Amino acid sequence: MRNSEQLSLYFADQLPTLLIAHPTFKFIGLKINQEENQKALHSIYIEKEDVSDELPFRALVTVAEWNGKSEEEEFFLEALTAERLIEKLHHFDDIGSFVFFKIPSSVTMDTVNMYPQPMFCKLFPELGEFDSKVSADQLLKLEEKSVALLAMLEERLKNS
């Protein structure tokens, strides 16, 4: 992945046009919800599958607590058109509050099945490689940097 400052950011409503014009593009959308004392990362992976003509547009939505205390939730959606997929996602979650960005073809759907911090380290190389063996204090600092990075991307998207 490229550095977060080099990413092109998109609103959810821009995705159908991009998916139709560039069928090989893939996108990930991220948002963080703070619930009581717990942060939950909501992730959406979107692509057009080359193999299927019936329902070629698909998305995997995951919700995972940052500390991993509870099971991750995941939902798979498919649609005939990019517009319909985005409609389904709008009914599912407030995707207008997600930050979407294009990802390289080497990033797969499995990425959104990762726990939040390893996913952030994979998507944003400036955070460094994830090491689960570091101290709790270092993990907390890495989490804070990740949350700040996403907040910066949200602000950049709003001001674009």
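The model is predicted, so to speak of local features pLDDT must be at least 70, side-chain atom pairs count only at pLDDT 80 or more, and totals for chains, interfaces and linings use all residues. Residues are numbered from 1 along each chain as its sequence is written, and side-chain values use heavy atoms, with hydrogens and water left out.

**Exercise 1. Work out which strands β3 pairs with, and in which sense.**

Step 1: Helices (H or I, at least four residues) and strands (E, at least two) are DSSP runs, numbered from the N terminus. Strand β3 covers residues 38-48.

Step 2: look for partners. Two strands pair if DSSP finds at least two bridges between them. Strand β2 (residues 26-35) pairs with β3 in the antiparallel sense, over nine bridges. Strand β4 (residues 57-65) also pairs with β3 in the antiparallel sense, over nine bridges.

Step 3: I32 has L41 in β3 as its bridge partner, and Y45 has L60 in β4.

Step 4: check the turn. The β2 and β3 hairpin has two residues between the strands, and E36 takes a positive phi near 55° there.

Step 5: check the cover. Buried means under 20% relative accessible area, exposed over 50%, and partly exposed in between (1.4 Å probe, protein chains only). Nine of the eleven residues of β3 are buried.

**Exercise 2. Find what the buried residues of helix α3 pack against.**

Step 1: α3 spans residues 116-123, and seven of its eight residues are buried. Those are P116, Q117, P118, M119, F120, C121 and L123.

Step 2: The buried residues of α3 pack against β2, β3, β4, β6 (99-103) and α4 (136-158).

Step 3: move on to the core. A nonpolar core is a set of buried Ala, Val, Leu, Ile, Met, Phe, Trp, Tyr and Cys residues joined through side-chain atoms within 4.5 Å. In the largest one, with 25 residues, I28, L30, F101, F120, L123 and F124 touch the most other members. Each of β2, β3, β6, α3 and α4 supplies at least two residues of this core, and α4 gives the largest share, five residues. Apart from this core lies another, of 21 residues, including L19 and F25.

**Exercise 3. Say why the W66 and F120 pair counts as tilted, and what it ties together.**

Step 1: apply the cut-offs. Rings of Phe, Tyr and Trp (its six-membered ring) pair if their centres lie within 6.5 Å; planes under 30 degrees apart count as stacked, over 60 as edge-to-face and the rest as tilted. The whole structure has seven aromatic pairs.

Step 2: The ring centres of W66 and F120 are 5.4 Å apart and the planes are at 45°, so the pair is tilted.

Step 3: W66 is in the loop between β4 and β5 (73-79) and F120 is in helix α3, so the pair ties together parts that are 54 residues apart in sequence.

Step 4: check burial. W66 is buried at 9% relative accessible area, and F120 is buried at 0%.

**Exercise 4. List the side chains that make polar contacts with the side chain of R58.**

Step 1: R58 sits in strand β4 and is buried, with a relative accessible area of 17%.

Step 2: a polar contact is a pair of N or O atoms within 3.5 Å; within protein, one must be able to donate a hydrogen and the other to accept it, and residues adjacent in sequence count only if both atoms are side-chain atoms.

Step 3: the side chain of R58 makes such contacts with the side chains of E47 (2.3 Å) and E49 (3.3 Å).

Key: Contact means heavy atoms within 4.5 Å.
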